[in-house]
Amino acid sequence: MLTVHHLNQSRSQRILWALEELGVPYQIVRYQREKTMLAPESLKKIHPLGKSPVVEDNGLIIAESGAILEYLQETYDPEHRFAPQAGKSKQDYRFWLHYAEGSLMPLLLMKLIMTRLSKPPVPFGVRSVGKLLASGVEKAFLNRQLETHARFIEAELAQHSWFTGNQLSMADIQMSFPVFALLARGGVDDLPNLRAWKKRVERRPAWQRAIVQGGPFDFPGG
């Protein structure tokens with residue numbers, strides 16, 4: 001049986017969602033974040049990077065969300081229900097699969113780091129400097145970049161219900177983690193299309209089953 005190495009409150013939640021949508025049986029090996037919010041060292045026994053998600057299937061060990069989702073679609077979706085096969089939808093599909101981690105998530109990770117520069121485990125004596133540094137970076141660069149990306153995604157979702165058209169695809173599953181983070185922590189207002197997309201995701205029975213399997217999934221502060 002396919003095994004998912006699942007870290008709580010992480011990108012591996014979207015792998016559980018994909019498997020529930022596909023109806024593929026799986027088992028979960030669970031890991032809890034350390035106090036530092038990093039993954040435990042035990043994950044390195046599965047993959048040298050020690051990151052989640054990682055899946056094991058048919059003798060393969062596969063890391064990276066996009067690679068896992070492509071593998072699952074190619075292996076368990078012979079009717080291509082979750083991957084457009086032609087035209088603009090196919091190109092959109094490829095774009096969003098790469099955009100999620102290549103362009104959007106680095107900005108959101110930077111935002112998260114900025115919020116922590118004035119908090120433990122940063123030494124008390126330098127937290128005030130960290131706060132000033134974070135404020136400067138956010139005002140000069142980060143907030144404007146997040147605004148640009150949020151408006152771009154908002155405009156795309158004004159055209160159709162899902163990222164590649166009117167049918168859910170693996171692109172939506174890949175985009176779920178950064179979109180949820182963007183809405184919670186991005187600091188951008190007036191995004192009705194993004195919020196409507198999030199509600200459509202949360203209404204899906206497969207998403208709800210994945211939450212039961214994987215545990216609570218939210219971003220504090222949003």
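Hi everyone, and thanks for making time. Please keep in mind throughout that we are looking at a predicted model.

Let me start with the sheet. Four strands make it up, and the sheet is open, with the order β2-β1-β3-β4 and mixed pairing. Which strands stand at the edges? They are β2, residues 26-31, and β4, residues 60-63. Each of these has a single partner strand, so one side of each has no neighbour in the sheet. From one strand to the next, the twist averages 20°. In our case, β1 (residues 2-7) and β3 (residues 54-57) run antiparallel and are joined by three bridges.

Now to the charges. How many salt bridges does a search of the whole structure find? The search gives nine, and I'd like to walk you through a few of them.

Take Glu147 and Arg151, whose salt bridge has its closest N and O atoms 2.8 Å apart. Why are these two separated by about one helical turn? Because they are four residues apart in helix α4, which covers residues 127-157. Glu147 counts as partly exposed, at 31% relative accessibility, and Arg151 is partly exposed too, at 33%.

Lys198 is partly exposed at 22% relative accessibility, and Glu202 is partly exposed at 32%. There is also a network to look at: Arg11, Arg14 and Glu101 are joined into one by salt bridges that share partners.

One more pair, Asp77 and Arg81, is worth a look for its accessibility. Their closest N and O atoms are 3.8 Å apart, and the cut-off for a salt bridge here is within 4 Å. Is Asp77 buried or exposed? With a relative accessibility of 2%, Asp77 counts as buried, while Arg81, at 36%, counts as partly exposed.

Let's finish with a pocket. In general, rolling a probe the size of a water molecule over the atoms shows where empty space is left. The second largest pocket holds about 200 Å³ of space. Its lining includes Glu70, Gln73, His80, Pro84, Lys90, Tyr93, Arg94 and Leu97. The elements giving two or more residues to that lining are α2 (65-76) and α3 (87-116). Which of them gives the largest share? That is α3, with five residues. By class, the lining has four nonpolar, four polar and four charged residues.

Among the lining residues, let me pick out Glu70. Glu70 sits in helix α2 and is partly exposed, with a relative accessible area of 34%. Leu97 is another lining residue. Between Glu70 and Leu97 there are 8.9 Å from C-alpha to C-alpha, although they are 27 residues apart along the chain.

Terms used. Residues are numbered from 1 along each chain as its sequence is written. This is a predicted model: local features need pLDDT of at least 70, side-chain atom pairs count only at pLDDT 80 or more; totals for chains, interfaces and linings use all residues. Side-chain values use heavy atoms; hydrogens and water are left out. A salt bridge is a side-chain nitrogen of Lys or Arg within 4 Å of a carboxyl oxygen of Asp or Glu. Buried means under 20% relative accessible area, exposed over 50%, partly exposed in between (1.4 Å probe, protein chains only). On a 1 Å grid over the protein atoms alone, a cavity is a set of points where a 1.4 Å probe fits but cannot get out, and a pocket is an open set with protein on both sides within 12 Å along at least five of seven lines; lining residues have an atom within 4 Å of a point. Grid points are joined across faces, edges and corners, and a volume is the space filled by probe spheres set on the points. Ala, Val, Leu, Ile, Met, Phe, Trp, Tyr, Cys and Pro count as nonpolar, Asp, Glu, Lys and Arg as charged, and the others, Gly among them, as polar. Two strands pair if DSSP finds at least two bridges between them. Axes are lines fitted to C-alpha atoms, for helices over the stretch in contact, and angles run from 0 to 180 degrees between N-to-C directions.
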